[in-house]
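Visitor: Before we look at anything in particular, could you show me how to read pairing, burial and ligand surroundings from a model?

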Amino acid sequence: MYYEPGKSAHGLPHDPFKSCVVPRPIGWISTTSRTGIDNLAPFSQFQNVSFDPPMVMFCANQNAGGRRKDTVVNVEDTGQFVWNLATWELREAVNRSSEDVAPEVDEFAHAGLVKAPSRLVRPPRVAASPIQFECSYLQTLRLPGNGALGTVDVVFGRVLAIHIDDAALDERGRIDVLKLRPIARLGYHDYTSVESLFTLRPQGGPTRLAGLEGSPEKVAAALAQARGEP
Ligand SMILES: Cc1cc2nc3c(=O)[nH]c(=O)nc-3n(C[C@H](O)[C@H](O)[C@H](O)COP(=O)(O)O)c2cc1C
């Protein structure tokens, strides 16, 4: 089949677009409003965008009233947010935190979640989540779209601090994703969780391998070695 979004019909009972880019990791973002109310919401349009320094982004469409979502308002007002890893165990709370509630409602309480204080930023962390990033706001890229919901705010942040529960690491010091079972969005109302993995060893020299690992220290060491420095 072939169709051109916005021009020709796909002819299917459900729009297939979101089911094509899968799985999408979940940006479970906590923020605090200018008046001190804590907010929490999932965004499956989420990714890391670089590693040195580590940066992440999430994309928030407008709400049904055509306004910026509370998360975006809070990040732009305060310059801070926290990303929390969404896991299989926390799936119901993730879903509950997506409900469209008034900005005055504390969404941690709404989702039945306990807060853990952050160290460098004001928004709290989800205590039951095994990994969290404390982030500072970099910028918003606002892409105009169609209708009330179409316009999207792409919000970028720099990762200032990373919390990893010791129990999330295996005996080799690697994050044990099969134990954590991070959840990710598919299309429709479907999700997946990480239940298997396979390894592919990339070809390339030390600099490329260090970049693929995402290690600034190993990149620096590999570049120094390539320059013949001791
Ligand atoms: C798993 C999941 C993923 C979601 N991903 C997005 C997304 O990428 N962008 C978006 O605008 N809304 C997304 N939503 C909807 C928001 O979570 C929802 O609009 C929420 O109420 C926003 O909260 P806020 O107004 O407090 O920021 C998602 C919902 C769920 C359940």
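This is a predicted model: local features need pLDDT of at least 70, side-chain atom pairs count only at pLDDT 80 or more; totals for chains, interfaces and linings use all residues.

Guide: Two strands pair if DSSP finds at least two bridges between them, and strands are themselves DSSP runs (E, at least two residues), as helices are (H or I, at least four), both numbered from the N terminus. Here, strand β2 (residues 27–32) and β6 run antiparallel and are joined by three bridges. Within that pairing, Trp28 has Asn84 of β6 as its bridge partner.

Visitor: Which strand is joined to β6 by five bridges?

Guide: That is strand β9 (residues 131–143), which runs antiparallel to β6, and in this pairing Gln80 stands opposite Ser136 of β9.

Visitor: Is strand β6 mostly covered or mostly open?

Guide: A residue is buried if 20 or more other C-beta atoms, placed from the backbone, lie within 10 Å of its own. By that criterion, five of the five residues of β6 (residues 80–84) are buried. Both faces are covered, with Gln80, Val82 and Asn84 buried on one side and Phe81 and Trp83 buried on the other. For the protein as a whole, 27% of the 230 residues count as buried.

Visitor: How many residues surround the ligand, and which are the closest?

Guide: A residue is near a molecule if its C-beta atom, placed from the backbone, lies within 6 Å of it. In this model 17 residues surround the ligand, the closest being Ala41, Gln45, Asp70, Thr71 and Ser98. The elements β3 (38–43), β5 (54–61) and α2 (70–78) each supply at least two residues of this shell, and β3 gives the largest share, with four residues.

Visitor: What does the overall architecture look like?

Guide: The protein has eight helices and twelve strands, and its C-alpha atoms fill a box of roughly 60 × 50 × 35 Å along the principal axes. Domain bounds come from an automatic or database domain assignment, which here gives domain 1 (17–197) and domain 2 (198–230). The C-alpha centres of domain 1 and domain 2 lie 30 Å apart.

How values were computed: Residues are numbered from 1 along each chain as its sequence is written. A residue is buried if 20 or more other C-beta atoms lie within 10 Å of its own, exposed if 12 or fewer, and partly exposed in between; C-beta atoms are placed from the backbone.
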